[in-house]
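Please look over the structure shown here. A short report on a few of its parts comes after it.

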Amino acid sequence: MDHFLYCNGILHAEDVPLTEIAAHVGTPFYCYSTATLTRHFRLFQEALDPLDHLVCFSVKSLSNQAILRTLAGLGAGMDVVSGGEYRRALAAGVPGDRIVFSGVGKTREEMTHALTHGIRQFNVESDAELKVLSEVASAMGVRAPITLRVNPDVDAKTHEKIATGRKEDKFGVPISRARTIYAEAAALPGIEVVGVDVHIGSQLTDLAPFEAAFSKIADLTRALRADGHSIWRLDLGGGLGIPYTTSNETPPLPLDYGAMIQRVLGDLDVEIEIEPGRLIAGNAGILVASVIYLKEGEGRDFLILDAAMNDLIRPAMYGAHHDIVPVVEAPAAIDQRPVDIVGPVCESGDTFAKQRQMPPLAAGDLVAFRSAGAYGAVMSSEYNTRPLIPEVLVHQDQYAVIRPRPSFDEIINRDRLPEWL
Ligand SMILES: *Cc1c(COP(=O)(O)O)cnc(C)c1O
């Protein structure tokens, strides 16, 4: 459920008509709903309520500081995957001891910075990283709290590019080697083992792969404790999927996910961390664009928008579906016609939807891409020298631009001409 609904025939974000925001900031733009973010975050809080837990928002899904501050204000921790995201979380006011650091390629600089400003734990992904982290921490005279990200060899049954828990994926250490690496970790002077971490992929629409992975984590936890390690925190990653169409998709609810976690891990007496991104941010954001042209091709018509693959890459990258709806509601009785919905970028991949049934639209009309909050703005680029589009946050009847559109001068003046030119 989200807070983007038609009211008097106009699509609103909470109490604000999107036509009003479009008139003020121009199109295209991203628009997020505070009420939806809050609702989704609280679903996880309630789902894990009986357990000692922390919900760490996956910053990479939607990293604007206004979003991070909104969620931190509700009690969220943050999961970051780079030094840049770590700095963003700190800048948004999140204390270091509520930030967990994931990712396969952490550098010494990133480790030093996080250890200096505070960290809840590093989710370590290899023995090479473990040794470097120990060196960095020892040189600073501290011990780095860690979990080891284990790869449980479970197929998340999701899109190839976002499955992370099979043995052929680059993430984590094979679960079969975990006990050996924990023994190494315990012997390292700069390392303090606190728990185990797992994250098997994104946009999972079935609880079974999660349960398979978490059962393996439960067994591993018992084995590690028997080996003498103190394992008191389990980080279960993110990955719960969302419905991208209003029709027949029904991914599991956070409440059922939470109940499964309690059933599989509840007797271990551990603190549970989860790292949801998409489920909190995905349906809390939309992308609003204008029609530039309606082009009649041979046998098919094209709706050319002012948004393009550089603004929302999910259709081009993952073949992802986004519902695209007119901002001014079409009469229910009107005839829909199939059109290809495309952007202006010079790539055939710059296609948002093929032969999508749409009501008649004309140049200047507004459309909204639903479910664009996660992996939308954060994956955008300036390809074709198209400025990054603004982000707007709505709160009830108020809205604010939380990232302005840069001017062409700002973009072009970043280039430097070498002396010999
Ligand atoms: C991407 C990622 C997440 C978030 O995944 P969602 O599918 O957005 O919930 C959580 N943890 C790690 C380590 C990730 O890489």
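Predicted model: local features only at pLDDT ≥ 70, side-chain atom pairs only at ≥ 80, totals over all residues.

Residues are numbered from 1 along each chain as its sequence is written, and side-chain values use heavy atoms, with hydrogens and water left out.

**The helix pair.** Helix α8 (residues 208–226) packs with helix α9 (residues 254–265) at an angle of about 30 degrees, and their axes are 9 Å apart. α8 is therefore roughly parallel to α9 (angles under 35 degrees count as such). In α8, Phe210, Glu211, Phe214, Ser215 and Ala218 meet Tyr257, Met260, Ile261, Arg263, Val264 and Leu265 in α9 (contact means heavy atoms within 4.5 Å). The residues of this contact divide into eight nonpolar, one polar and two charged.

**Two buried residues.** Buried means under 20% relative accessible area, with a 1.4 Å probe and protein chains only.

| Residue | Relative accessible area |
|---|---|
| Aspartate 301 | 13% |
| Threonine 147 | 0% |

Aspartate 301 is placed in strand β15 (residues 301–305). Its side chain makes a polar contact with the side chain of arginine 337 (2.5 Å); such a contact is a pair of N or O atoms within 3.5 Å, and within protein one must be able to donate a hydrogen and the other to accept it.

Threonine 147 is placed in strand β9 (residues 144–151). Leaving aside neighbours within four places in sequence, threonine 147 has contacts including Gln121, Phe122, Tyr182 and Asp197. The C-alpha atoms of threonine 147 and glycine 228 are separated by 15 Å, and these residues are 81 residues apart along the chain.

Notes. Axes fitted to C-alpha atoms, helices over the stretch in contact; angles between N-to-C directions. Helix = DSSP H or I, 4+ residues; strand = E, 2+ residues; numbered from the N terminus. Parallel < 35°, antiparallel > 145°, perpendicular 65-115°, else oblique. Nonpolar A, V, L, I, M, F, W, Y, C, P; charged D, E, K, R; others polar. Buried < 20%, exposed > 50% of the residue type's maximum accessible area, 1.4 Å probe, protein only.
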